Amino acid sequence: MNYRWVPIAGDFESENHDIIFRGKAISPAAIPEPGEAAAKKTSSIGILVFDQPSGDGTLSADIVFENSTEDSACEFILSYNAETKGLITAGLGGGWAMFNIREWLPSASSAEQSRWFTFDSSGDKGNLKSNQKFHVEAELLGSRITLSIDGVAVATTRLPGPIPQRSQVGIFCIGKNTIRISNLTLSTRKAQAFIVMQFSSPFNEIYTDVIRKACDDFGMQPTRADEMYGPGIIIKDISEQILSSQVIIADVTPPNQNVYFEVGYAYGVGKPIILLAEKGTQLPFDLSAFRTLFYENSIAGKTSFDEGLRRHLNALVGKGR
């Protein structure tokens with residue numbers, strides 16, 4: 001993995017394309033009062049951040065703990081927020097379980113405490129054996145994270161909201177001894193945009209001439225339900241597509257129960273939604289509170305419509321061309 005990286009905390013070094021975390025036993029800062037027992041030494045923490053942005057794809061590596069202890073951990077950082085210092089991680093040993101998907105929530109004020117929130121965990125941490133190689137994969141698709149060890153899925157979760165914009169991937173470690181990360185690979189895929197609209201003219205042309213082109217320029221793969229193929233229950237496929245998408249774009253111009261259902265489901269699972277409607281459309285009461293891009297379906301109005309949609313996409317995902 002030939003990417004630039006910077007250690008935010010802890011002692012990391014590179015060795016023959018491997019990344020080595022040099023864990024240490026750390027003495028507590030506080031000195032006990034006379035008569036009190038000395039506090040137990042704790043493990044050092046390491047945070048390493050790559051120059052690669054968070055997004056859909058898979059992080060994988062072989063991980064070996066030289067001498068694991070009860071608090072040893074090595075997790076992929078799927079999102080490091082440089083502004084808040086928040087983390088979303090998936091990997092080995094975090095918390096009290098063998099396998100974890102969790103989030104570090106820094107305190108927003110002095111009245112709050114920073115804390116870990118665990119989305120999913122499993123496995124006996126006693127199985128985190130020293131000098132055993134674990135092949136770890138963490139896949140992020142939209143808001144769904146799946147953690148696999150040696151090809152076996154061991155934990156999965158659906159995030160309550162989108163990954164923070166402009167966050168980065170990395171590695172998080174805890175330990176008193178060396179942790180080696182080798183064969184590190186990042187494979188990315190285009191972020192998905194699920195398009196919700198009626199399948200008829202003029203909406204087909206709106207999708208082809210405006211929405212699809214804008215999504216492509218933002219590096220996103222747009223998909224409509226009529227472009228999904230294969231066996232299965234259509235409502236389940238649509239639900240899965242919404243979960244794996246980074247943004248939902250919905251044209252609510254004509255009253256359509258399918259469109260309303262899909263918008264409602266996307267809202268319920270915390271997906272960013274861009275609503276579109278032709279000028280003059282009277283929105284239902286439940287949709288009237290949403291910010292909506294009203295467009296003029298004409299040659300003259302196409303430029304304004306295209307620019308407005310791109311502004312919305314830039315606000316949500318950034319990086320448009």
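**Entry 1: the whole chain**

What percentage of the 321 residues in the protein chain is buried? I looked this up to begin with: buried residues make up 45%, where buried means under 20% relative accessible area, exposed means over 50% and partly exposed lies in between (1.4 Å probe, protein chains only).

A note to myself on the ground rules: this is a predicted model, where local features need pLDDT of at least 70 and side-chain atom pairs count only at pLDDT 80 or more, while totals for chains, interfaces and linings use all residues. Residues are numbered from 1 along each chain as its sequence is written, and side-chain values use heavy atoms, with hydrogens and water left out.

I find four helices and 20 strands in the protein chain; these are DSSP runs numbered from the N terminus, helices being H or I of at least four residues and strands E of at least two. The C-alpha trace spans about 80 × 45 × 35 Å along its principal axes. Of the contacts with a separation of 6 or more, 66% are between residues 24 or more positions apart, a contact being heavy atoms within 4.5 Å.

**Entry 2**

Two strands pair if DSSP finds at least two bridges between them. Leu141 has Arg144 in β12 as its bridge partner.

**Entry 3: the partners of β5**

Which strands does β5 pair with? I noted β1, β4 and β14 among them.

- β1 (residues 5-9) runs antiparallel to β5 over four bridges, and Val6 stands opposite Val49.
- β4 (residues 25-26) is joined to β5 by two bridges, also antiparallel, with Thr42 as the bridge partner of Ile26.
- β14 pairs with β5 in the antiparallel sense over seven bridges, and Ile45 in β5 faces Ile174 in β14.

**Entry 4: the second largest pocket**

Ile45 and Ile174 came up again here: with Arg102, Trp116 and Phe172 they lie nearest the centre of the second largest pocket, which 24 residues line. A pocket, on a 1 Å grid over the protein atoms alone, is an open set of points where a 1.4 Å probe fits, with protein on both sides within 12 Å along at least five of seven lines; lining residues have an atom within 4 Å of a point.

The pocket holds about 520 Å³ of space, the volume filled by probe spheres set on the points, which are joined across faces, edges and corners. β5 (42-53), β7 (73-80), β9 (97-105) and β14 (168-175) each give at least two residues to the lining, and β5 has the largest share, four residues. By class I read 11 nonpolar, five polar and eight charged residues; Ala, Val, Leu, Ile, Met, Phe, Trp, Tyr, Cys and Pro count as nonpolar, Asp, Glu, Lys and Arg as charged, and the others, Gly among them, as polar.

**Entry 5: Glu75**

Is Glu75 buried or exposed? Glu75, in strand β7, is buried, with a relative accessible area of 1%. Beyond its neighbours within four places in sequence, its contacts include Thr89, Asn100, Arg102 and Phe172.
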